[in-house]
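Please work through each task before reading its solution.

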Amino acid sequence: MSQPKRIHRICQGLVRFTIRATLYGSWVLGLFPFTFDSRKRRLNRSKWLLAYGLVLNLTLMVLSMLPSTDDHNSVKVEVFERNPLVKQVEEIVEVISLITTLVTHLRTFSRSGDLVEIVNELLVLEKSHFSKLMLSECHTFNRYVIEKGLVVVLEIGSSLVIYFGVPDSKIVVYKAVCIYIVQLEVLMVVMHFHLAVIYIYRYVWTINGQLLDMASRLRRGDSVDPDRIQLLLWLYSRLLDLNDSLAAIYDIQVTLFMATLFSANIIVGHVLVICWINITRFSMLEMILLFPQALVINFWDLWQGIAFCDLAESTGKKTSMILKLFNDMENMDQETERRVAEFTYFCSHRRLKVCHLGLLDINYEMGFRMIITNILYVVFLVQFDYMNLKFKTD
């Protein structure tokens, strides 16, 4: 077996493992309150799984909010005692995290009825149409799914390293387990949305491949079926509707999650500056292993969520560009020309994009603004609290 084929098989195996791990993990954590009817190939909402998920997740949240044990962290204690602003900012971050977790669970369960209808329609479209239309393997889909699974693992690993990695700490295992299961649940819910977006991307990519194939055949002088163009238009319009419905279900959860990452990056960046200025008081383990890796992984997670949405949006833009290839075709019959014109007109009025709360278009442009703003907030905190950054010698 050649090297590229071996790598391809490994990637496919990782994709299948990531998707199945997400599915079964979501069932175990009570985040996917659906059962699968193999005979009808449909998902059905289960009241028992809904009740199980609510009880489990609310119990974990209550246990994670029991009296704080942050005094186990020697670094945090010293930073808080000598720089009260850091403690105030962290309390704000904790409030944002709590609101994010609570709203994520309540809204996910309350909108589960709408979600199951969307997933069922995607299953029908996959079985009836896209499984027959796909011309080749979508390697970008595979890469993004693998990266998303890796980021979730790294986020949990990063939190565990910070919690257990500080020397001379008093570890509270049961509280750590509750906190990081709750964190994993939020990451999994956001992962559901990103996986749905990447599936929609793959379907639009498939439509683009079909349109390119038709354009190539027309250039060779072959004929194309106008009804196939009409089918692609219908599929494209349904995908846009499903994408808008998914964004409406997950917009609050994903927006709050991004706000949590945003605020966490601010506090980690601020603490990193304090540790660097007082480098003689902290070990290299704390300087290199704990805080920088958390900052890098948080930024990667934030950027990857933006990349998922931008990929879908840019692929939708390519559809309009591909349709322009039909403009200079001289051998198109009137029916084919009319179908292409309808598709072009539709694309000129509707775009595939992920918009949260009707205000935030999630793409690279917004992502760059968020990162710049994130850095500026750290700079503002450093300037505001400049006199307290350097610890006084006792």
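**Exercise 1.** Determine which backbone nitrogen a side-chain oxygen of Asp-225 reaches at the start of α8.

Solution. Step one: locate helix α8, which covers residues 226-277; helices are DSSP runs of H or I with at least four residues, numbered from the N terminus. Step two: at the start of α8, a side-chain oxygen of Asp-225 comes to within 3.1 Å of the backbone nitrogen of Asp-227. The model is predicted, so local features need pLDDT of at least 70 and side-chain atom pairs count only at pLDDT 80 or more, whereas totals for chains, interfaces and linings use all residues. Residues are numbered from 1 along each chain as its sequence is written, and side-chain values use heavy atoms, with hydrogens and water left out.

**Exercise 2.** State where α8 bends, and by how much.

Solution. The bend lies at Tyr-250 and amounts to about 55° (the angle between axes fitted to the seven residues ending there and the seven starting there).

**Exercise 3.** Describe how α8 packs against helix α10 (residues 334-349).

Solution. Step one: the packing angle is about 15°, and the axes lie 8 Å apart (axes are lines fitted to C-alpha atoms, for helices over the stretch in contact, and angles run from 0 to 180 degrees between N-to-C directions). Step two: α8 is therefore roughly parallel to α10 (angles under 35 degrees count as roughly parallel, over 145 as roughly antiparallel, 65 to 115 as roughly perpendicular and the rest as oblique). Step three: residues of α8 including Leu-233 and Tyr-236 meet residues of α10, among them Phe-343 and Phe-346 (contact means heavy atoms within 4.5 Å). Step four: by class, the residues of this contact comprise 10 nonpolar, 3 polar and 4 charged (Ala, Val, Leu, Ile, Met, Phe, Trp, Tyr, Cys and Pro count as nonpolar, Asp, Glu, Lys and Arg as charged, and the others, Gly among them, as polar).

**Exercise 4.** Classify the orientation of α8 relative to helix α7 (residues 173-219).

Solution. Step one: the two axes come within 10 Å and cross at roughly 160°. Step two: α7 and α8 are therefore roughly antiparallel. Step three: their contact contains 23 nonpolar, 3 polar and 1 charged residues.

**Exercise 5.** Carry out the analysis for α8 and helix α11 (residues 364-384).

Solution. Step one: the angle is about 40°, with the axes 9 Å apart. Step two: α8 is therefore oblique to α11. Step three: Phe-262 and His-270 are among the α8 residues that meet α11, where the partners include Met-370 and Tyr-377.

Definitions and conventions: Helices (H or I, at least four residues) and strands (E, at least two) are DSSP runs, numbered from the N terminus. A polar contact is a pair of N or O atoms within 3.5 Å; within protein, one must be able to donate a hydrogen and the other to accept it, and residues adjacent in sequence count only if both atoms are side-chain atoms.
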